[in-house]
Amino acid sequence: MKKPDVVKQVADVSGLTQNDSNKAIKALVKVIQITLKNGGVISLSGLGSFRTKPRKAKQGRNPRTKEVILIPPGKKVSFKPTTTLRKII
């Protein structure tokens, strides 16, 4: 499902216009991005929680040259679904 489909369904379920639904979805995505960037956790009841986790440095390989390269440490986004969502799926 792509964003326009999500916007349409949110508008249908909530009774908002598609324009208002689009603004709400954009705002939600922006809030999630800012919170994760600052190291926070987002918990949405019935859906799950988003958080960042550290990723260690590791060795990788360039598939073309087979050269060993160092992949620097960083962060990754982790999502843990709620029990309710797991049961639905």
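In this predicted model, helix H1 (residues 3-14) and helix H2 (residues 18-37) cross at roughly 115 degrees, with axes that come within 8 Å. That puts H1 roughly perpendicular to H2, a label that covers angles of 65 to 115 degrees. The crossing of the pair is right-handed. On the H1 side, the contact (heavy atoms within 4.5 Å) is made by Lys3, Val6, Val7, Lys8, Val10, Ala11 and Ser14. H2 brings in Gln18, Ser21, Asn22, Ile25 and Lys26. Sorted by class, that contact holds 5 nonpolar, 4 polar and 3 charged residues.

H2 turns up again in the largest pocket, giving 3 residues, the largest share of its lining. A pocket here is an open set of 1 Å grid points for a 1.4 Å probe, with protein on both sides within 12 Å along at least five of seven lines, and lining residues have an atom within 4 Å of a point. The space inside comes to about 150 Å³. Around it sit Leu28, Val29, Ile32, Leu44, Leu47 and Phe50. The lining is 6 nonpolar residues, with no polar and no charged ones.

As for the bookkeeping, residues are numbered from 1 along each chain, and side-chain values use heavy atoms, leaving out hydrogens and water. Local features need pLDDT of at least 70 and side-chain atom pairs pLDDT 80 or more, while totals for chains, interfaces and linings use all residues.

Notes: Axes fitted to C-alpha atoms, helices over the stretch in contact; angles between N-to-C directions. Helix = DSSP H or I, 4+ residues; strand = E, 2+ residues; numbered from the N terminus. Parallel < 35°, antiparallel > 145°, perpendicular 65-115°, else oblique. Left-handed = near helix turned anticlockwise from the far one by under 90°. Nonpolar A, V, L, I, M, F, W, Y, C, P; charged D, E, K, R; others polar. Points joined across faces, edges and corners; volume = space filled by probe spheres on them.
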